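Okay, everyone, thanks for coming.

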Amino acid sequence: MTLTTDSTVDVTPAELQGLLDAQRAAQSLDPIPDAATRRDRIDRFVAAVLEHSAELAEALDADFGGRPATTSLELDILGGMGTIAYARENLEEWMAPTEVPAGMGGAFPTFVQNRPKGVVGVIGPWNFPVVLVFTPTVEALAAGNRVMIKFSDMTPRTGAVFARAVASRMSPEEVVVVNGGLPTATAFTDLRFDHIFFTGSPKVGRLIATAAGKNLVPVTLELGGKNPAIVAPDADIDDAATRLAAARHVNSGQVCLCPDYAFVPESAKDAFVEAYQKAVLAHFPTFIDNPDVVSIVNDANYARVSGLVEDAKSKGAVEIVIVPEGEKDRVPDTGSRRFPPTLLLDTPESAAINTEEIFGPVLVVHTYSGVDEAIAYAATGEHPLSSYWYGADTDEFRRFLLNTTSGAVSRNDFGLAYVNDAVPFGGVGMSGSGAYHGKAGFDTFSHQRPVAQSDLPTPFAAAFTPPLTPERVQTAAGTVAVILADTVSRLPEA
């Protein structure tokens, strides 16, 4: 069996354990690699991916059943390059010990050491299978770790190319890519890594967190959710619709950051629908034979998206399919898995599409008479990965920020926090836990170890060890009384 070329062979638990043991042994010989070593590993990893970029794009097209090479190059292969540049530029600063105030009034000088955690397991998704293992792996390497990658089995051709690419530049003791189906994935999550990083669905995230918990392995989960978009009362409706149309159709909506539903002013519903359709047709003047269209990744997901739409229609929702007039009798096209851009209006609360993440080019449109209705709706249920506001920075927007919770917020555009490496990216609650990107990624894969020191002539611990003299008892009681009196003095009158 060859791990780096055959993505159809499941790797046994013993083989996976052997890979982990080899990386852990190598790490023990160089537990805190210097900046030059880390940069060299990052550069070789990046070179391996870029050298195989054309082959990766071809494999992604085959795995999706239709995905433009430019889309794969822009989003899946070049998408992490800004993060790499940011990490390389700031590496020495991040690695340096952090001076902190000395404890006990200056008696104990202290600093915080940034140590690699050891061996990191990265588990990737199928929608952007390259960049969403590429970025966390680079940040784990920047933090000085070794990495084992479990590539998605839903994109097996890409996994085979990616594994071969990485093996061309990296030793398996540095970074190794593992392909395989459910048995391999299960065995992978059962390994006792020093950290697991997973991007995918909440359903699978629960399973990974449970498996990791058995070994007390810390986990970062990057998940998704029902991302809301509110078109504010002051918004330019045409502009908001145009921006939302672009955001909804990145990768045919197969992005955890895509808006799932939009609230628009009741009075602007018709204008929004008209502008949205116009914007979609500008992106896709043809659809059925358009080489720029990204297919739904497989038959199961195509059936799932179709089922959500059919369920909503059966309960009273109004469907608007947005393709050129001459093509409307040719969609949906199950053979090519090209799901047409779709709007759903008047969708009842009981429709499954209101609670299940769509992951397709479908936008549910709700209306409001007062914007606080929309804000209250967005504040209920599970917290999404991203929330969107289209309009000015007004008091209404500030109420939206105050009363809703999400991994990130973008105003007037799509996924802005994701592309800024100076801020942490991650979810909250059902949309994830933990964060990465930039310094946040470095910190995620590092152990911040405090180092405190004492040159006092007597031991600190002696202050808490018998004998408990009357003076110590009196001092402790007196200190409690002083702190209590100070605290009570700040409390409001009963």
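So, which residues in H11 meet which residues in H12? Keep in mind that this is a predicted model. On the H11 side you've got Ile237, Asp238, Ala241, Thr242, Leu244, Ala245, Ala246 and Arg248. Across from them, H12 brings in Ala271, Phe272, Ala275, Tyr276, Ala279, Val280 and His283. Sort the residues of that contact by class and you get eleven nonpolar, two polar and two charged.

How do the two helices sit? H11 runs over residues 237-248 and H12 over residues 269-283, and they pack at an angle of about 45°, with their axes 8 Å apart. The crossing of H11 past H12 is right-handed.

Searching the whole structure turns up one cavity of 30 Å³ or more, and the largest cavity holds about 30 Å³. What lines it? His249, Ser252, Phe284, Phe287, Val293, Phe339, Pro341 and Pro361. That's six nonpolar and two polar residues, with no charged ones.

Then there's the second largest pocket, at about 480 Å³. It's lined by 28 residues, and the closest to its centre are Leu75, Gly79, Leu257, Tyr418 and Val419. Helix H5 (81-95) and helix H7 (131-142) each give at least two residues to that lining. By class, the pocket lining has 17 nonpolar, nine polar and two charged residues.

Methods. Residues numbered from 1 in each chain as written. Predicted model: local features only at pLDDT ≥ 70, side-chain atom pairs only at ≥ 80, totals over all residues. Heavy atoms only, no water. 1 Å grid on protein atoms, 1.4 Å probe; cavity = no way out; pocket = protein on both sides within 12 Å on 5 of 7 lines; lining within 4 Å. Points joined across faces, edges and corners; volume = space filled by probe spheres on them. Helix = DSSP H or I, 4+ residues; strand = E, 2+ residues; numbered from the N terminus. Nonpolar A, V, L, I, M, F, W, Y, C, P; charged D, E, K, R; others polar. Axes fitted to C-alpha atoms, helices over the stretch in contact; angles between N-to-C directions. Left-handed = near helix turned anticlockwise from the far one by under 90°. Contact = heavy atoms within 4.5 Å.
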